[in-house]
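Visitor: Before the questions start, please put the model on the table.

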Amino acid sequence: MKNILIIDDEEGIRGLYEIEFQSEGFQTHSVSSGEEALRYFNENRPADLVILDIKMENMDGLDVLEELRSRTIGVPVILNSAYSTYKNNFTSWLADAYLVKSADLTELKEKVKELVPV
Amino acid sequence: MDTIIEKADTATIADPPGIYFILESKYSNKNKAIHIDDFEIKTLNHDLPMVSDILHNCSEEVIKAVSETINGRGAAKKLIFESQENTSYYELHCFPQDNSNSPTVGCFLIDRSFQEFEKKRKKYRIHELGLISQAVRAFAETRNLSEILRIILLAVTAGHGLGFNRGFILLSDDSRDCLWGCMATGPSSPKEAGEIWNDLSKNPMTFDEVLRLYKNGGGQDAQINKLITSIKIPLSESAGFIARAAMERRSVIIGPESIENDNDRELCDKFGVEHLALVPLISSDLLQGVILADNVITKRPITDADLNILEIFARYASDAIENSRLYGKLEHQVSLMKEANEKIIRSRENLVRAEKLSSIGKMALKVAHEVRNPLTIIGGYANLGLRKISPDDDSRKILDVISKEVGRIENTLNRFSSVVSMNEKNEDKYSLAEIIRETLGMLSSGSNLTSPELKLAPDVRDSRVFVDKGLFHQALMALLREAARLANGVRNISLNVIRFENSAMIFIDDGQTNSKFAENFYSGLRKRNEDRYQDMAVALEILQHYGGDIGIGSLQGIHGMLYVEIPLWEGK
């Protein structure tokens with residue numbers, strides 16, 4: 001079973017995504033900050049795909065993404081933000097997809113399945 | 001008279017200078033009246049041929065004077081003595097001598113030639129001063145340099161003016177490095193002179209009338225002006241007599257003897273005369289230029305008196321020229337200040353608008369984040385619930401309403417979160433160069449008076465963009481402020497605008513080689529916790545709305561240059 005790591009400081013989002021993706025046949029883990037996410041990777045825990053929020057306290061999603069890429073961790077990353085502004089940010093180009101948050105998760109689910117076929 | 005006095009040792013010298021002598025008359029007595037037939041000079045022992053010549057040349061008047069004296073009527077006669085060289089004026093005063101057997105008359109001959117000449121000269125001088133006075137009045141009525149030069153030249157050349165045939169004015173430049181031929185007046189040939197003077201004799205005009213004629217565009221001397229405007233004389237010793245006299249600030253009558261080198265000869269040839277009066281124009285101890293005048297048609301010699309009166313006139317003319325130049329400079333300064341003031345007012349207005357829009361933009365971003373997350377959660381759970389519960393569950397209706405309403409709010413938010421769409425846009429075609437300049441004006445307003453360097457490629461100078469001017473100002477301002485911050489000051493950044501296909505590329509540089517300017521700028525685009533980065537995020541949003549972008553590219557072989565791209569208006 002493929003593992004999805006959900007990184008978001010909004011508890012409601014994390015809960016929602018976990019339920020949704022588990023029901024789609026994925027195993028999910030979620031963390032609430034960039035620091036926690038890096039610790040997760042430091043512990044060599046499994047992640048076949050990362051859903052990454054951008055605006056978080058202290059270390060934001062783009063910093064996490066940059067760190068992952070600098071460590072040559074090639075896990076697919078979907079940036080999932082309330083902002084549309086950072087689509088053309090160079091760092092955001094390091095991600096595999098950029099999706100603006102929406103109550104309709106259809107697009108997000110499709111992108112996840114595209115990047116990590118079940 | 002001096003000559004006469006020198007020879008008349010026995011004559012009495014009086015004041016005014018005169019000579020005393022006795023005339024003995026040869027007379028006849030007819031009808032109890034004495035008739036003088038002739039006279040003889042008696043008491044002068046020395047030969048005074050000139051007195052004798054004068055008296056005999058004017059014998060009729062002398063006999064008349066003697067007769068009237070003897071017959072009891074004192075008389076003074078004016079004698080005009082014409083010699084080959086000139087015409088002289090004398091006054092003969094006669095009075096009877098008592099102790100003589102035959103009628104004798106004491107005479108006093110006074111030379112009035114000098115007084116007559118002086119009288120004429122004074123009359124002429126009054127006329128000249130009157131003209132200068134009229135010219136000075138005319139100077140006071142204008143600040144226009146061309147008009148002032150025209151008045152000067154008319155005063156120098158008008159028949160009832162200083163009487164020269166032609167006049168030329170050369171003015172010095174601000175740095176006093178050279179003299180430039182500016183204006184001239186006068187006939188270019190004897191034929192033309194004949195026509196002008198013939199016209200004037202038929203329709204005599206006062207100086208004021210001549211001024212009015214020229215002011216209304218009449219009487220322009222094209223040929224002679226072509227000559228003078230072709231002349232540029234460096235103010236150096238070797239540049240010829242005009243430069244020398246101007247530098248030494250002395251008035252001179254230039255003649256063949258003044259020619260010292262080829263430059264002098266060339267200048268004389270250009271003017272086509274042997275003699276020229278030259279008077280420097282000096283005001284506030286600064287050389288304003290020179291007046292040149294000649295009598296090319298009449299060949300009348302230029303006298304010291306001519307030069308003197310020209311010199312007097314030149315003092316007033318110099319002041320008028322200097323005043324006009326100062327006024328011109330002042331006017332230019334005032335216009336610059338007015339322009340700068342208007343620019344500041346425009347910049348302030350634009351700045352206020354840009355700041356307002358910026359605040360709205362920042363608010364939009366905050367709302368986007370604060371509202372979108374809860375919406376995603378609420379709507380997401382509602383959608384999840386809809387999938388989980390059975391189709392006939394009553395709760396389904398409630399969840400359906402929640403899901404639809406969340407979708408509606410999301411749609412609204414999508415429109416609202418776009419900074420551009422939430423403003424009432426006032427889009428139109430604007431000059432890109434103008435918008436950039438205005439933004440730079442805003443950037444350099446307030447305490448920061450330095451403006452970044454701006455280079456516009458020729459093919460974008462007239463290019464236009466179709467944007468909301470205020471939004472575009474706001475976007476550029478945010479980007480340039482950040483650029484200035486990274487470059488340690490506005491003065492350190494430069495903008496180079498080129499055209500690439502259908503877009504303008506505004507390359508922003510800090511002028512430092514191997515700096516991380518562009519890189520640092522980019523890292524700012526993903527930071528949102530500080531106000532200025534939010535400004536940049538909004539700026540990017542605006543640019544993208546108009547099809548533009550921010551990127552890093554190459555310009556003139558230099559890599560890693562930051563650019564702002566904006567599509568140009570191509571008529572659709």
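Guide: B:Ile291 touches B:Ile152, B:Val156, B:Gly167, B:Ile169, B:Val279, B:Leu281, B:Leu310, B:Ala314 and B:Ala317, leaving out residues up to four places away in sequence. Two residues are in contact if their C-beta atoms, placed from the backbone, lie within 7 Å. This is a predicted model, in which local features need pLDDT of at least 70 and side-chain atom pairs count only at pLDDT 80 or more, while totals for chains, interfaces and linings use all residues. Residues are numbered from 1 along each chain as its sequence is written, and chains are lettered from A and ligands numbered from 1 in the order in which they are written.

Visitor: How many residues does the largest nonpolar core have?

Guide: A nonpolar core is a set of buried Ala, Val, Leu, Ile, Met, Phe, Trp, Tyr and Cys residues joined through C-beta atoms within 7 Å. A residue is buried if 20 or more other C-beta atoms lie within 10 Å of its own, exposed if 12 or fewer, and partly exposed in between, with C-beta atoms placed from the backbone. B:Ile291 and B:Ile152 are among the residues with the most contacts inside the largest core, and its residue count is 52.

Visitor: Which helix gives the largest share of this core?

Guide: Helices (H or I, at least four residues) and strands (E, at least two) are DSSP runs, numbered from the N terminus. The largest share is eight residues, and they come from residues 145–157 of chain B, helix H5.

Visitor: Is B:Lys429 buried or exposed?

Guide: B:Lys429 sits in strand E12 (residues 427–431) of chain B. Beyond four places in sequence, B:Lys429 touches B:Arg464, B:Phe466 and B:Trp569. B:Lys429 has 10 other C-beta atoms within 10 Å and is therefore exposed.

Visitor: Are H14(B) and H15(B) parallel or oblique to each other?

Guide: The axes of helix H14 (residues 432–443) of chain B and H15(B) come within 9 Å and cross at roughly 55°. Axes are lines fitted to C-alpha atoms, for helices over the stretch in contact, and angles run from 0 to 180 degrees between N-to-C directions. Angles under 35 degrees count as roughly parallel, over 145 as roughly antiparallel, 65 to 115 as roughly perpendicular and the rest as oblique. H14(B) and H15(B) are therefore oblique.

Visitor: At roughly what angle do the axes of H15 and H16 of chain B cross?

Guide: H15 covers residues 469–486 and H16 covers residues 517–525. H15(B) is oblique to H16(B). Their axes come within 10 Å, and the crossing angle is roughly 130°.

Visitor: Which residues of H16(B) make the contact with H15(B)?

Guide: H15(B) contributes B:Glu482, B:Ala483 and B:Leu486 to the contact. The H16(B) residues are B:Phe517, B:Asn520, B:Phe521 and B:Gly524.

Visitor: What is phi of B:Arg249 near?

Guide: Most residues other than glycine have a negative phi. B:Arg249 lies in the loop between helix H9 (241–248) and strand E9 (252–254) of chain B, and with 13 C-beta neighbours inside 10 Å B:Arg249 counts as partly exposed. Its phi is positive, near 55°.

Visitor: Is B:Asp285 buried or exposed?

Guide: B:Asp285, not a glycine, has a positive phi of about 65°. B:Asp285 lies in the loop between strand E10 (276–283) and strand E11 (286–294) of chain B. With 6 C-beta neighbours inside 10 Å, B:Asp285 counts as exposed.
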